[in-house]
Amino acid sequence: MNEKTPEIQPIIRALQVLETLNLHTVMPLAALHEATGLPKSTLVRLLDTLIAGGYVVRVSRNVGYAVTERVLQLAGGFRHADRIVEASRPFLSAMTAQHKWPMAIATPDGDVMLVRNSTRAESPFATDKDFLGRRVSMLLSALGRAYIAFLDAEERETLLSLMRNSRARRNAMAKDERAVARMISHIQTRGYATAVAVPGELHAGFAVPVMDQGRPIAAITLRYYGAVMTEDDAAKRFLGPMQDTAKAIAAGI
């Protein structure tokens, strides 16, 4: 706690109280004091403030205090996609630490994928441009292809229908239904996706979906130098670890 900014101390303490109460159905003052280490007089002031704000209720003098449903509003901005990204961080970093190549994760955002996290700064081999925060094509990028290929047929067709009615160049491929069907079949057979080849591009990569209860919720990619290894070599070396990483991310949500 920063002694130079005492005005933030009550806020930090109030959040500490909320976190502690949230782990229990109800807590008496003595138990809350023991769990937080805060003086009882301080706790009473904080609890009174939280009660006034509607976040805590005093059940009774003997039983203690409990959080109210209003605390759910505090997590309203933390979406499922944010949870996926947070869960991915240690696993992507571990992959890069072991294999040295940069990793990234993207989540769906309408008809594109949004790159949400990258280990580019952790990789000694990352020389291509940083795509963190970039929106990449669902049908042209490895991340997007890995996601859309493993959607159920109905959800995928809904997404493709939206793309067919789009004027965006990134969605032009959606109008070629045979090409899309071949691409999806190929990805499903191999278990991973690659991006559309770009002439002169030194870097290559492939992506796998992060599956939750049989449905893709994100995709992760590994980037490497195309001159160092072929796509087949990369898949032989990294597909298993990539799929294990995707499973670990899903399990950590």
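Q: Which residues of the largest nonpolar core touch the most other members?
A: This is a predicted model, in which local features need pLDDT of at least 70, side-chain atom pairs count only at pLDDT 80 or more, and totals for chains, interfaces and linings use all residues. Residues are numbered from 1 along each chain as its sequence is written, and side-chain values use heavy atoms, with hydrogens and water left out. A nonpolar core is a set of buried Ala, Val, Leu, Ile, Met, Phe, Trp, Tyr and Cys residues joined through side-chain atoms within 4.5 Å, where buried means under 20% relative accessible area, exposed over 50% and partly exposed in between (1.4 Å probe, protein chains only). The largest core has 27 residues, and those touching the most other members are Met113, Met138, Leu139, Leu143, Ile148, Leu160 and Met163.

Q: Which elements give two or more residues to this core?
A: Helices (H or I, at least four residues) and strands (E, at least two) are DSSP runs, numbered from the N terminus. The elements that give two or more residues are the strands β3 and β4 and the helices α5 (142-148), α6 (153-164) and α7 (177-190).

Q: Which residues is leucine 143 in contact with, leaving aside its neighbours within four places in sequence?
A: Contact means heavy atoms within 4.5 Å. By that criterion the partners of leucine 143 are Ala104, Ala106, Met113, Val115, Val136, Ala207, Ala219, Ile220 and Thr221.

Q: What is the geometry of the pair formed by tryptophan 101 and phenylalanine 125?
A: Rings of Phe, Tyr and Trp (its six-membered ring) pair if their centres lie within 6.5 Å; planes under 30 degrees apart count as stacked, over 60 as edge-to-face and the rest as tilted. A search of the whole structure finds 3 aromatic pairs. For tryptophan 101 and phenylalanine 125 the centres are 4.7 Å apart and the planes at 45°, and the pair is tilted.

Q: Where in the chain do tryptophan 101 and phenylalanine 125 lie?
A: The two residues are 24 apart, and their pair links distant parts of the chain. Tryptophan 101 is in the loop between α4 (80-99) and β3 (103-109), and phenylalanine 125 is in the loop between β4 (112-118) and β5 (135-137).

Q: Is tryptophan 101 buried or exposed?
A: The relative accessibility of tryptophan 101 is 7%. Tryptophan 101 therefore counts as buried.

Q: Why is the pair of tryptophan 101 and tyrosine 225 edge-to-face?
A: The ring centres of tryptophan 101 and tyrosine 225 are 5.6 Å apart. Because their planes stand at 80°, the pair is edge-to-face.

Q: Which residues form one aromatic cluster?
A: Tyrosine 225 is in strand β8 (residues 215-225), 124 residues from tryptophan 101. Tyrosine 225 counts as partly exposed at 21% relative accessibility, and phenylalanine 125 as partly exposed at 33%. The cluster consists of Trp101, Phe125 and Tyr225.

Q: Which backbone nitrogens lie 3.1 Å and 3.0 Å from a polar atom of the side chain of serine 137?
A: Serine 137 is in strand β5 and counts as buried at 10% relative accessibility. At 3.1 Å lies the backbone nitrogen of leucine 139, and at 3.0 Å that of leucine 140.

Conventions:
Polar contact = N/O pair within 3.5 Å; in protein donor to acceptor, adjacent residues only side chain to side chain.
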